[in-house]
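The structure is shown first.

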Amino acid sequence: MDSEQIDYQSLNYLSTVDHNLCCPICRSPLVDPVYTTCLHTFCSTCINKALERSQTCPVDRTPLQAEDVSPAPIMIANLVNELAVLCPNSELGCTFTCARYLVEAHLSHDCEFVYMKCRECGDKVLRRDAGRECLHQLEECTHCFQHIKKIDMEAHEKECPGLLGECMHCRLEIERSELKEHEFTCEEATISCSSSSLGCPWSGQRKELSHHQAACPFTFLRPVLQAHAERLTKLELENRTLRKRIEQLTPRINQSNTTEPLSFDEQAYQFLTEQEHMRQDMERLSATLGELEIKQGMLLMNESLRTKEELAGIRAAINGIRMQIHWLLTVRVHGTEHRHVVGGGAGTPSNSAGPSHPAEHSASRRLSDNFGQGVKL
Amino acid sequence: MTFATRRLRKIVGALPPGITLVRAEDFKEWQLDIRVLDDNPIYKGKTYRLSFKFNINYPIDAPIVTFVEAPGITIPMHPHIYSNGIICLDLLSSGNGWSPVQSVESVCMSIQSMLTGNTRNERPEGDADFVRSGNTNPRNIRFVYDDPTV
Ligand SMILES: [Zn+2]
Ligand SMILES: [Zn+2]
Ligand SMILES: [Zn+2]
Ligand SMILES: [Zn+2]
Ligand SMILES: [Zn+2]
Ligand SMILES: [Zn+2]
Ligand SMILES: [Zn+2]
């Protein structure tokens, strides 16, 4: 095995390594440590790669050339070389641990898990098998009759389809290829109740399932529960659509709410104020009406008073005339001389009445008074 | 195992506060979420996602680091971060900015402090033109690092 093929940077260390012994570029314990003129320490491969990219120290960015790098003091090299590591083949099964600088020797001389060339056919073989006969010859599998290389036989036996396997439940020996299928029908395989989705906690061997199901309350209730579940999903769906619709409607209600919520009170208030206005109007109107009635009454009274007086005047006049007619009639009956005189002066009764009877005098004077009054009116 | 893989394997352990590993299935691309730890109002309560692309020479070569979008995750506003996620950070330039002693954690922390110290809620000048030009490889861009405030 070539020593150059050892990947020191991926070695696994037995304990965590002080970070002062680690390279700041690869973050692993230093391999072939070097230090720079600015006194920073790196693995030699790491700093060389970094300098190919940029001619500065990766830590402090000062200018740095390849010739500014020299091997680190031997003490540092010893510290990292003596760190204990696992064999790089530990994953293959090697349990060897040693100081790092001994790994190379272990791999080239001792490690059982290093591939070597077969002495007979030249094929790859692990060191632990290299001393025996050639393991690359074909051999017939005694179970499935396939031809397999001896070196692969161990792996084949784990999956040989012809090999009998034991059922882990009923201990029955059957061919491995059928084992999986058997598992689905094995009477002793542990299964859970077919109503476990509904919550039945039972689990037991398959052969006991029918016995359990005869008494399983979950199995009895299964149709009911299923119907319920269906109904529930239906209701949930409906609920969701309804909620969506409510959400759509809510903004609209909110809008109308802002204009209408006071409506009842406001309307009542409006009615009340209107009523109050009307009541006031009514009061005013009735007052006016009263006034008008009084005025009307007074007017009527004045008018009727005047008419009454006039009527009285007329009545007096008529009385006067009647008396005159009466007097004239009596004169006509008592004498004929006077008749001519009276007939000639019919338009002026008061003048012609002067020389008449004293009893009649006051009456005629009253008459003329009444006439004077009537003319004045 | 490559040099880059070996080196990357070493940091999967503890990450600094505010930084979480989201995806690291291979050693070609990693995604990490970062949060700004102080009360900077521009980034308060927000998480951003960084994508690291490594080549086989990491850490000799710088990784390509960009912000990426994800459901609920945006590209942070910053005068040195383009809206397509490209970050203008000296540390990430493959010239003399990057150093092989840098690491995923140190890059994350530098970007964290770049956000922490920022007070300008804006994109770099010419962001729209830059993004339209379709340049998504930060290595092809010559950044100007002339702004000492950020
Ligand atoms: Zn230095
Ligand atoms: Zn190194
Ligand atoms: Zn070994
Ligand atoms: Zn052989
Ligand atoms: Zn077989
Ligand atoms: Zn069985
Ligand atoms: Zn049951």
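Is A:C57 buried or exposed? I found A:C57 buried, with a relative accessible area of 0%; buried means under 20%, exposed over 50% and partly exposed in between, with a 1.4 Å probe and protein chains only.

I noted that this is a predicted model, in which local features need pLDDT of at least 70, side-chain atom pairs count only at pLDDT 80 or more, and totals for chains, interfaces and linings use all residues. Residues are numbered from 1 along each chain as its sequence is written, chains are lettered from A and ligands numbered from 1 in the order in which they are written, and side-chain values use heavy atoms, without hydrogens and water.

I then listed the protein donors of the zinc ion (ligand 1): A:C38 (SG), A:H40 (ND1), A:C57 (SG) and A:D60 (OD), at 2.0 to 2.7 Å. Donors are N, O and S atoms within 2.8 Å of the metal (3.2 Å for Na, K and Ca). The four donor atoms subtend angles of 89 to 121°, so the arrangement is tetrahedral, a term that requires all angles between 85 and 135 degrees. The donor residues follow the spacing C-x1-H-x16-C-x2-D.

I next examined B:S99, which is buried at a relative accessible area of 2%. Its side chain reaches the backbone oxygen of A:P58 at 2.5 Å. Leaving aside neighbours within four places in sequence, B:S99 is in contact (heavy atoms within 4.5 Å) with A:P58 and A:R61.

Finally, I recorded that A:I25 is in contact with residues including A:F42, A:P58, B:F3 and B:P100.

Technical notes:
Polar contact = N/O pair within 3.5 Å; in protein donor to acceptor, adjacent residues only side chain to side chain. Tetrahedral: all angles 85-135°; square planar, octahedral: opposite > 155°, others 65-115°.
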